[in-house]
Amino acid sequence: MHDLAGGFRYLLAGQRWVLRHGRWLGFGLLPGLVSLALYAGALIGLGYGADDLTAWATPFADDWSAFWLGLFRGFLTALFFGLGLFLAVITFTAVTLLIGQPFYESLSEQVDRSEGGEVPQSGLPLWRELWISARDSVKVLGRVVLYGIGLFVLGFVPVIGQTVVPVLGFCVSGYFLTQELTSVALQRRKMELPERLVLLRSRRLLVLGFGVPLVLAFLVPLVAVFLMPGAVAGATLMARDLTRTDDTPAAEAAPAGFGPPPPAFS
């Protein structure tokens, strides 16, 4: 529970950081708005076409009575749309980070600079950073799709499908959302995807405490756009502390009581 609360405090700290540095919040709105327009169009199209997709996938039910046919296909339609929403929440961050790569890279560097200590830089040209980011996002998306398919199948199980599966879905979404957000700072620290995944798995509750509230907030229209800059800032604060070595000068450490090592929220 301590780590869960700690992850949420990182999220709040990132939002406070961008509010104190207003120009970064302003610059961060454009890539988020572009992504939002793309995803809104895709979800609207899915909403209109989900009924036809369900009917195409279940021709065996055409001869059922109207009541059972409507109940069965209505349930499947909701599941299809839920899966689409699940994938949208996960991929929204990756696409937005890709669109806004130069900005978010600079924002992450500025967070490091404002907190003191080393300011890591990848030293790679922009095209190379975009390629690595896109490649890693595709790999993460592959994992997400596998989880999504599993959760989709479990959604047919009575009771569990309506209670446990949604909770697991939010947890999976939050975990991989945090992975995407921390990738900006960790990639600058020359950490490859396998290393990043190992690092985050070592603090699962911290990751969930950061990512799950953000996923819930992203379900509200426009909220994702306004929270993205602060989410990147908060993820950078988390990455700083997760990668902090034992020989970090004491002057760079924050007050104790926030896990090893504690974050600097000043």
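Let's start at Ser183, which sits in helix α6, the run from residue 160 to 188. Keep in mind that we're looking at a predicted model. Ser183 has a relative accessible area of 10%, so it counts as buried, the cut-off being under 20%.

Now for the nonpolar side of things. The largest nonpolar core takes in 54 residues, and the ones with the most contacts inside it are Leu107, Leu181, Phe210, Leu214, Phe218 and Met228. Helix α9 (residues 223-242) supplies the largest share of that core, with 11 residues. Zoom in on Leu107 and, leaving aside neighbours within four places in sequence, you'll find it touching Trp17, Trp24, Pro229, Val232 and Ala233.

Trp24 takes us to helix α2, where it is one of the buried residues, along with Leu25, Gly28, Pro31, Gly32, Ser35, Tyr39, Ala50 and Thr54. This helix covers residues 22-57, and its 36 residues should span 52 Å at 1.5 Å a residue; the end C-alpha atoms are 49 Å apart, so the two values agree. Still, α2 isn't straight throughout: there's a bend of about 50° at Gly49.

How values were computed: Residues numbered from 1 in each chain as written. Predicted model: local features only at pLDDT ≥ 70, side-chain atom pairs only at ≥ 80, totals over all residues. Heavy atoms only, no water. Helix = DSSP H or I, 4+ residues; strand = E, 2+ residues; numbered from the N terminus. Buried < 20%, exposed > 50% of the residue type's maximum accessible area, 1.4 Å probe, protein only. Core = buried A, V, L, I, M, F, W, Y, C linked by side-chain atoms within 4.5 Å. Contact = heavy atoms within 4.5 Å. Expected span 1.5 Å × (residues − 1). Bend = angle between axes of the 7 residues up to and from the residue.
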